[in-house]
Amino acid sequence: MTENAQTIVEFRNVNFQIGAAKILDDLNLQIEQGETLILLGESGCGKTTTLKLINRLIEPTAGEVFVEGKSTMDWDAIKLRRKIGYVLQEAGLFPHFSVERNVALVPSLENWDEAKKRKRVLEMLELVGLSPQKFAKRFPHELSGGQRQRIGVARALAANPSILLLDEPFGALDPITRMNLQKEFAALVKNLSKTTIFVTHDLREAILLGTRIALMEKGRIILLETPENFVESSQPLARAYLETISAMAKQRDSATNNTN
Ligand SMILES: Nc1ncnc2c1ncn2[C@@H]1O[C@H](COP(=O)(O)OP(=O)(O)OP(=O)(O)O)[C@@H](O)[C@H]1O
Ligand SMILES: [Mg+2]
């Protein structure tokens, strides 16, 4: 990060509570222009909740979230959401809309003309590796889980938003498609200099895509590091994640040795 980097998203002393349950506990975080900030952590630690505070699908019970310097409570919620691409954990497509209409959702709301919209849909489908001829007219129930996820990514990118929120966007994909999309995605984000907040359980994905990794536990950020420093960290939960990778390598080695 450069000294004059611009902060695009900021959490200042943010709490989120449901009844007596503290879901997020004093979250402080600054995300700079062009960053890919990874939220990494176990199921239930508060990753999705953190994303939803950025586009004001939920509102903090204390503290403030700023987007481009303005508190989300001062933003018009609709305007805020249109400038932020959001890939939901379960793709979140409209079941009664075709693939084409789903991808063109924000461009339609923004009244793009038909030709421009159509061109953009084709580009986005190509980008996520789904042939427009084959898929544009289908409905979400006619797709596999991984295809639905890819349409979710295409939809989030369609209106060229400056901020992207991605909630485990590649979770349902086979490893090869996943790797291809990760690579495409890394190049895309870098070239277009988007500010991205990306949720994953997968440390490899975090290391590949992140400029920084925020490790969360029970509604708190317990470590915030570049991938280079994360892999050297002595923080116990970070070590546990790193061991999942080395344990896999060891298992593979011993399996290979056993067959020799
Ligand atoms: N509407 C709700 N009512 C009560 N508890 C909720 C609600 N929404 C979320 N929670 C709780 O808040 C905590 C954080 O949820 P969140 O969805 O942010 O987790 P997550 O880190 O995204 O998990 P996962 O990796 O499983 O998607 C969880 O314990 C969840 O049960
Ligand atoms: Mg989640």
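Just after helix H8, Ser193 takes a positive phi of about 45 degrees in this predicted model. Helix H8 covers residues 175-192. At 1.5 Å a residue, its 18 residues should span 26 Å, and the end C-alpha atoms are 25 Å apart, which agrees.

Three residues of H8 are buried, namely Leu181, Phe185 and Val189. Seen down the helix axis, these buried residues fall within an arc of 65 degrees, so they line one face of H8. The cover over them includes strand S3 (36-41), strand S8 (195-200) and helix H9 (203-209).

Stepping back to the whole chain, the domain assignment gives two parts. Domain 1 is made up of 1-83, 163-175 and 191-254, while domain 2 runs through 94-161. Their C-alpha centres lie 26 Å apart. Contact between the two involves nine residues of domain 1 and 10 residues of domain 2. On the domain 1 side, the touching residues comprise six nonpolar and three charged ones, with no polar residues.

Around it stand Ile18, Ile23, Gly41, Ser43, Gly44, Cys45, Gly46, Lys47, Thr48, Thr49 and Gln89. Sorted by class, this shell has seven polar, three nonpolar and one charged residues. Helix H1 (residues 47-54) gives the most to the shell, with three residues.

Conventions. Residues are numbered from 1 along each chain as its sequence is written. Chains are lettered from A and ligands numbered from 1 in the order in which they are written. This is a predicted model: local features need pLDDT of at least 70, side-chain atom pairs count only at pLDDT 80 or more; totals for chains, interfaces and linings use all residues. A residue is near a molecule or strand if its C-beta atom, placed from the backbone, lies within 6 Å of it. Helices (H or I, at least four residues) and strands (E, at least two) are DSSP runs, numbered from the N terminus. Ala, Val, Leu, Ile, Met, Phe, Trp, Tyr, Cys and Pro count as nonpolar, Asp, Glu, Lys and Arg as charged, and the others, Gly among them, as polar. The expected span of a helix is 1.5 Å times one less than its number of residues. A residue is buried if 20 or more other C-beta atoms lie within 10 Å of its own, exposed if 12 or fewer, and partly exposed in between; C-beta atoms are placed from the backbone. The arc is that of the directions from the helix axis to the C-beta atoms. Two residues are in contact if their C-beta atoms, placed from the backbone, lie within 7 Å. Domain bounds come from an automatic or database domain assignment.
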